[in-house]
Amino acid sequence: MMLVVSESEYVLTAIRAQGAGGQNVNKVSSAIHLRFDITASSLSDVLKSRLLNSKDKRITNEGVLIVKAQQFRTQEANKKDAIKRLHAIVNAANHVHTTRYATRPTYGSQKRRLESKTQRGRIKALRGNVADD
């Protein structure tokens, strides 16, 4: 199930992009800072705790997720990228991994494994020094 965060729950701020870009980069604020307050959002409590407990460095101690988008030259493209990345983070936290239960190896696979180990041991035994008679 795909979750979508409403526009009223995050704040978009235009900032100047870092890095190379010539004279235009000093005049135009094309990068976007997206701030999403997890604790004040309408997400479920379980999802909020998953996001807050994640080891993501973009989440501050106050519970605010900050996404910086400056990949594109235009502000509009960076806005779309920031929103898309926010949705990806929220949906990744919503995804629950199924627990894996260990199964026993089959009799045939155990037998094949031991036979290959024995064969490998024989090959290595032949690498020994040749005795002088």
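This is a predicted model: local features need pLDDT of at least 70, side-chain atom pairs count only at pLDDT 80 or more; totals for chains, interfaces and linings use all residues.
1. A helix here is a DSSP run of H or I with at least four residues, counted from the N terminus.

2. Let me start with the length of helix 2, which runs over 75–94.

3. Next, the buried side of helix 2. Its buried residues are Asn 78, Asp 81, Ala 82, Leu 86, His 87, Ile 89, Val 90, Asn 91 and Ala 93. These residues pack against strand 1 (10–15), strand 2, helix 1 and strand 3.

4. His 87 has a relative accessible area of 15%, and because buried means under 20%, His 87 is counted as buried. Beyond its neighbours within four places in sequence, His 87 touches Leu 3, Val 4 and Val 5. Ile 89, also in helix 2, is buried at 13% relative accessibility. With the neighbours within four places again set aside, Ile 89 is in contact with Leu 51, Asp 56, Arg 58, Leu 65 and Val 67. From Ile 89 to Asp 37 there are 52 residues along the chain, and their C-alpha atoms are separated by 13 Å.

5. How do helix 1 and helix 2 meet? Their axes come within 9 Å and cross at roughly 110°. Angles of 65 to 115 degrees count as roughly perpendicular, and the two helices are therefore roughly perpendicular to each other. Helix 1 brings Leu 47, Arg 50 and Leu 51 to the contact, while helix 2 brings Ile 89, Val 90, Ala 93 and Asn 94. By type, the residues of this contact are five nonpolar, one polar and one charged.

6. Finally, the largest nonpolar core. It holds 19 residues, and the members that touch the most others are Leu 34, Phe 36, Leu 51, Leu 65, Leu 86 and Val 90. Strand 2 (31–37), helix 1 (45–53), strand 3 (64–69) and helix 2 each give two or more residues to this core. Helix 2 supplies the largest share, five residues.

7. Phe 36 deserves a point of its own. Not counting residues up to four places away in sequence, Phe 36 touches Val 5, Glu 9, Tyr 10, Ser 41, Leu 43, Gly 63, Val 64, Leu 65, Leu 86 and Val 90.

Definitions and conventions
Residues are numbered from 1 along each chain as its sequence is written. Side-chain values use heavy atoms; hydrogens and water are left out. A nonpolar core is a set of buried Ala, Val, Leu, Ile, Met, Phe, Trp, Tyr and Cys residues joined through side-chain atoms within 4.5 Å. Buried means under 20% relative accessible area, exposed over 50%, partly exposed in between (1.4 Å probe, protein chains only). Contact means heavy atoms within 4.5 Å. Axes are lines fitted to C-alpha atoms, for helices over the stretch in contact, and angles run from 0 to 180 degrees between N-to-C directions. Angles under 35 degrees count as roughly parallel, over 145 as roughly antiparallel, 65 to 115 as roughly perpendicular and the rest as oblique. Ala, Val, Leu, Ile, Met, Phe, Trp, Tyr, Cys and Pro count as nonpolar, Asp, Glu, Lys and Arg as charged, and the others, Gly among them, as polar.
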